[in-house]
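Subject: Structure for your review

Dear colleague,

Please find below the structure that I am handing over to you, followed by a summary of what was found in it.

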4 protein chains.
Amino acid sequence: MAHSLTKVGVIGASGYTGEELVRLLARHPRVELAAVCSRTLAGKAVADEIPRLRGMVSPSLQFTPSSPAECAQSDVAVWFLALPHGVAAEYARPLVAAGKRVLDLSADFRLQDVVTYQKYYGHPHPAPELLAQARYVIPELQLNDDWKRASLIACPGCYPTSIQVPLIPLLRAGLLRPAPGQLVINSYSGISGAGKKAEVAYLFCERDSSVKAYGIPGHRHLAEIEEAFAAAAGQPVIVQFNPHLAPMHRGIATTIVVPAPQVTAAQVEACWQQAYAGRPFISILKSGDFPDTAHVATTNRVAFSVVADARTGNLIITSVIDNLLKGAGGQAVQNLNLMMGWEETEGLR
Amino acid sequence: MAHSLTKVGVIGASGYTGEELVRLLARHPRVELAAVCSRTLAGKAVADEIPRLRGMVSPSLQFTPSSPAECAQSDVAVWFLALPHGVAAEYARPLVAAGKRVLDLSADFRLQDVVTYQKYYGHPHPAPELLAQARYVIPELQLNDDWKRASLIACPGCYPTSIQVPLIPLLRAGLLRPAPGQLVINSYSGISGAGKKAEVAYLFCERDSSVKAYGIPGHRHLAEIEEAFAAAAGQPVIVQFNPHLAPMHRGIATTIVVPAPQVTAAQVEACWQQAYAGRPFISILKSGDFPDTAHVATTNRVAFSVVADARTGNLIITSVIDNLLKGAGGQAVQNLNLMMGWEETEGLR
Amino acid sequence: MAHSLTKVGVIGASGYTGEELVRLLARHPRVELAAVCSRTLAGKAVADEIPRLRGMVSPSLQFTPSSPAECAQSDVAVWFLALPHGVAAEYARPLVAAGKRVLDLSADFRLQDVVTYQKYYGHPHPAPELLAQARYVIPELQLNDDWKRASLIACPGCYPTSIQVPLIPLLRAGLLRPAPGQLVINSYSGISGAGKKAEVAYLFCERDSSVKAYGIPGHRHLAEIEEAFAAAAGQPVIVQFNPHLAPMHRGIATTIVVPAPQVTAAQVEACWQQAYAGRPFISILKSGDFPDTAHVATTNRVAFSVVADARTGNLIITSVIDNLLKGAGGQAVQNLNLMMGWEETEGLR
Amino acid sequence: MAHSLTKVGVIGASGYTGEELVRLLARHPRVELAAVCSRTLAGKAVADEIPRLRGMVSPSLQFTPSSPAECAQSDVAVWFLALPHGVAAEYARPLVAAGKRVLDLSADFRLQDVVTYQKYYGHPHPAPELLAQARYVIPELQLNDDWKRASLIACPGCYPTSIQVPLIPLLRAGLLRPAPGQLVINSYSGISGAGKKAEVAYLFCERDSSVKAYGIPGHRHLAEIEEAFAAAAGQPVIVQFNPHLAPMHRGIATTIVVPAPQVTAAQVEACWQQAYAGRPFISILKSGDFPDTAHVATTNRVAFSVVADARTGNLIITSVIDNLLKGAGGQAVQNLNLMMGWEETEGLR
């Protein structure tokens, strides 16, 4: 291939999201994975520490301990941040200042409202001066191409992606106008959603055979869901969001109930067809077919469908994604592709 | 132990529910498991066909092919029916006529309304003349002891048990008055809920890593949920019920959302404490603790808790059971114990 | 029941083995679970910390921080030690001195040879003066009842139980005389065998879909396997032991290959039938039937069978147990039952 | 990319192997997936019947019912046969006669010895006249390029691949000379190895938490293992092969024990390094690192390592593959790539 490669780097590569990013970028035909940074693993070979990556990355590729300043001075053009909230901003500030493109997978730039940020994350926003340059991007939901010039892209959380993709077009179209609390969202996540944390709660023996709710009623992802919904609906939308853990490695299954007695399944599907025509990662299933996390595992797709229940007057919308791909690293790479003017599916097929 | 043993039998013992019943009854200190019937396995040793029962049942115990008439003529005093709907009634009729006690785990006698039965099960009720003698029994929800004299006990389905135990006391107390469709119930079931069916859909490789909805909006268990709710509330209650499959052997996790802006978590808990004082299989967890299917697996318990969400005005109630025990065989044995005047926990600890 | 209850206690109850012991003892009809000790959980309610035990233990039962001296002075008659090696001996010494019966589930008293102990455990034996009183007991393998009077019972490890039960009778009978390294044992353990350790290696996402070997060639259980084999064979037996992890909560599956061209499957089975006649937890399967971990899960049984391969001259013996029961707590309770003169199956059915 | 695409087809695409082949070929940059044949699914859309393939294959791609003659007459140049043994030969005969290249994933052409074929498969060889043209190919084990001109490539079974890759170079080099039965191989397979069969034995609830042996001592893969070993060693090699099922979707973990007291781990590793220099799908791990099925899942790699046990005089070799890729479809595509003169990793990264 004749085109030159774009140098990219990953900061915070020791977790599951970082691992998935490294896997995707290592085989992406348009990029050179030039830096993989992790303070805790600095100096170690990537393929030794993350054996799933053996054969996908060069045996000589090592984790580097790069500081924000070092990253900013390097010749890497695009940086992916797979860091905890609060820490991501420390890297984003010098990187943006140095003219780098930043794809942030943390929560630091997902919210425009710093009051909401402080409420959900427990500390003041770490870099409010960058918010004007930051764009929160699920690419299928963008109404124009302005975002592609942003220096700082906030990649949405896993739960919000599974929720916004089916709902935002319907809110924009005015098909849904739920009163506060009437939009009920239950999501079931694979255990990788909790990250690579050495805690008893995430041991195999604790999670095997276990389904349970957690974090109700104030899970942090609620903030970005409602900010996006308000923008789409033109008015506040107060949702009930119930996250759960399910005994699987990957995947999110979301089931949404919303009253809409006047709306038919066909109207919902028509709205989706229009919003998502030609989008390669969108699978709209027939009403009565229910999406399955196993069918999208290791892909960047969102699959969803709707049932209209005449008895209750509700729409029931179910959606699935792979939380590590469309819910994290895959969507980040999709954003990269579009931002750079490449094929949307490059490196993601 | 000086007391004499009661002879019991299981009809339809080749499935997962039947297996669990045989396991419970084989070690129950008050009963003699005198007959295990299965047409397909007749003549074979129970311990050979269901190796999990090795060491629990006598090596000489065999499946018998008994007809309804033979069962009715035997000296077995109590029969458990683990049969498909429609077939169960064929056995129930002669057994009841012969003065046997019958604990039916099928759907045949769960509904008093034969019109609803036909609508949900697709054929006319097979024995409407028995409905007057039939009682639908979750024992913790019975308001008096009349049911213990019934000749025919309909044991509730797995989903309905996880749903009615937390909700019926609240409906009776008038704490909840949801408008049609406002009571939103999502349930996640282990794969054993589908039975021991040789279908591709239930293969390990299809269900591993898979969470998906199914049967929305008209799952059969809806009928018995709404019939019981109407009786508790004194008026029709139209619910949204969304069943799902989760990648585990056993267990049901149910998450219920219902608008009740005036009701506090403390009021809900007080109502439960009063309704369930002294009941050995009820675990009311503190608000903020979420029940976990793994914690009730292989037990007959129901664990549940409530969160009141001030933002939305909703109550969120989560509950868990083992679908094969409290959701099937365990509850049937609990009913047996109470019906016979034995300790409620006999054989179920 | 008219008989008085024996007071028992568990020390080190915060792990999976301790949890299983508490579950068994809490419902054992002959004992009163009078003390549950854990330094890390002292003062907390057992049912809060180990939610699987809700409804099985009294809500008021608390972990106590008891020192060895306090345990020795209490009125508890029998103590179970579910402690790390080295620590167990600290408790065993004063308990034995005070006339208590001790059932130790650690490795501290499994070996009579202190040189071997030091070699495999990396420190000098912590209480060599107690070894004369200690008995290593798989009850089905005891040739007389002397052990029942021992003050200190070393309960065997999980792997050794799955291996010794099928092999010791054959070694005693002289049916097997393998040269060094010819007896090849592969064992596959559920993840609970690694204990309740908050390490990345035991996270759900690391162990799901994973089968891998570990600890070859010098796993610690090798020491007790070979010490017992030497005693049975009357000469040293050097074995190849390969442990592995398999993606399940409970269970050990062991596959043994040993050259024995002159020995038939029938001879092996006859030897087993004789050695294990009337033993309630032994399931000898027909040659060609292979035991399955799922069939013994949550039971105290060992199931095993043999195939003689005429092509190779080898016997292939496969066995399964539940590592937390017959491989740990269940066998300890079985030892208690027999030691006290109770039914062998009391509390274990 | 300027090069023209090669037309390929898959016959027998309804099982797990066929599905994986379709997935690989649909995104292979050098081929056009021109035909996907299945008699049972003819006329149905591939993406509807195998939802995991949604978004990977064209929505208009349908299964066709093509007969052997039709396939032979088509313009498809390369055919993959994912058919049962016996049936594959019916297609291979006309396809080879018509000058097509055939990559057969069945057992029909894996053995050169028709007597052995009949013994293991229970019927006479269905096309002995084709054996002279057939080559059994694990590409890393080929000593020259002759095989690339063969019209008929027999792709090895899953177990044999995990076994031959680490052992064949050692047998060729004369490092191993095991007496009959001394080479002991235990393999653990994910459930997809059993195929997509609607049998109770492969239900989620039967296989969850289950590890068990099966098919000992005469599993069919033994035949091709021993035929290949004899060719490598220059003399018969009689092995003990013990297959097992493990509770995971994909993966094979093999553990091999062989006496070789004079051979060091370093000698083994040197032999492997020489045999596999530059091969992209081979991962030789350090002695003491054990390969893990989870680390090769969804890849075409084989990972393996050796431990020399001075106590026993044995080598212990452990290896892992993904049974559906390196053990089936991935290896077939690797063979295609090499046969066509393409990059070995094309479509397999």
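The domain bounds used in this message come from an automatic or database domain assignment. Please note also that this is a predicted model.

Domains of chain A

Under that assignment, chain A is divided into domain 1, made up of 6–155 and 328–340, and domain 2, which covers 159–321. The C-alpha centres of domain 1 of chain A and domain 2 of chain A are 25 Å apart. Where the two domains touch, domain 1 of chain A supplies 17 residues to the contact and domain 2 of chain A supplies 15 residues. On the side of domain 1 of chain A that touches domain 2 of chain A, the elements giving two or more residues are helix H5 (114–121) and helix H11 (329–340) of chain A. That side of domain 1 of chain A comprises eight nonpolar, six polar and three charged residues.

Chains A and B

The same surface serves both copies, since 100% of the contact residues of chain B recur in chain A.

As for the contact itself, 40 residues of chain B are in contact with 40 residues of chain A. Several elements of chain B give two or more residues to the side that touches chain A, including strand S8 (183–189), strand S10 (239–245), helix H10 (293–296) and strand S14 (314–321). The element that gives the most to this side of chain B is S11(B), with four residues. By class, the side of chain B that touches chain A holds 21 nonpolar, 14 polar and five charged residues.

Chains A and C

Chain C is superposed on chain A by a rotation of 180° with 0.0 Å of shift along its axis, at an RMSD of 0.0 Å. Here too the same surface serves both copies, and 100% of the contact residues of chain C recur in chain A. The contact takes 14 residues from chain C and 14 residues from chain A. Helix H7 (residues 204–207) of chain C provides the largest share of the side of chain C that touches chain A, namely three residues. Eight nonpolar, two polar and four charged residues form that side of chain C.

The sheet in chain C

Chain C contains an open sheet of seven strands with mixed pairing, in the order S9-S10-S8-S11-S14-S13-S12. Its edge strands are strand S9 (212–213) and strand S12 (282–284) of chain C, each of which pairs on one side only. Strand S8 (residues 183–189) and strand S10 (residues 239–245) of chain C pair in the parallel sense over seven bridges. Ser189(C) has Leu245(C) as its bridge partner in S10(C). Helix H6 (residues 158–172) of chain C lies across S8, S10, strand S11 (252–259), strand S13 (302–309) and strand S14 (314–321) of chain C, and runs at about 45° to S11(C).

Yours sincerely

Terms used. Residues are numbered from 1 along each chain as its sequence is written. Chains are lettered from A and ligands numbered from 1 in the order in which they are written. This is a predicted model: local features need pLDDT of at least 70, side-chain atom pairs count only at pLDDT 80 or more; totals for chains, interfaces and linings use all residues. Two residues are in contact if their C-beta atoms, placed from the backbone, lie within 7 Å. Ala, Val, Leu, Ile, Met, Phe, Trp, Tyr, Cys and Pro count as nonpolar, Asp, Glu, Lys and Arg as charged, and the others, Gly among them, as polar. Copies are superposed by least squares on the C-alpha atoms of residues with pLDDT of at least 70 in both. Two strands pair if DSSP finds at least two bridges between them. Axes are lines fitted to C-alpha atoms, for helices over the stretch in contact, and angles run from 0 to 180 degrees between N-to-C directions.
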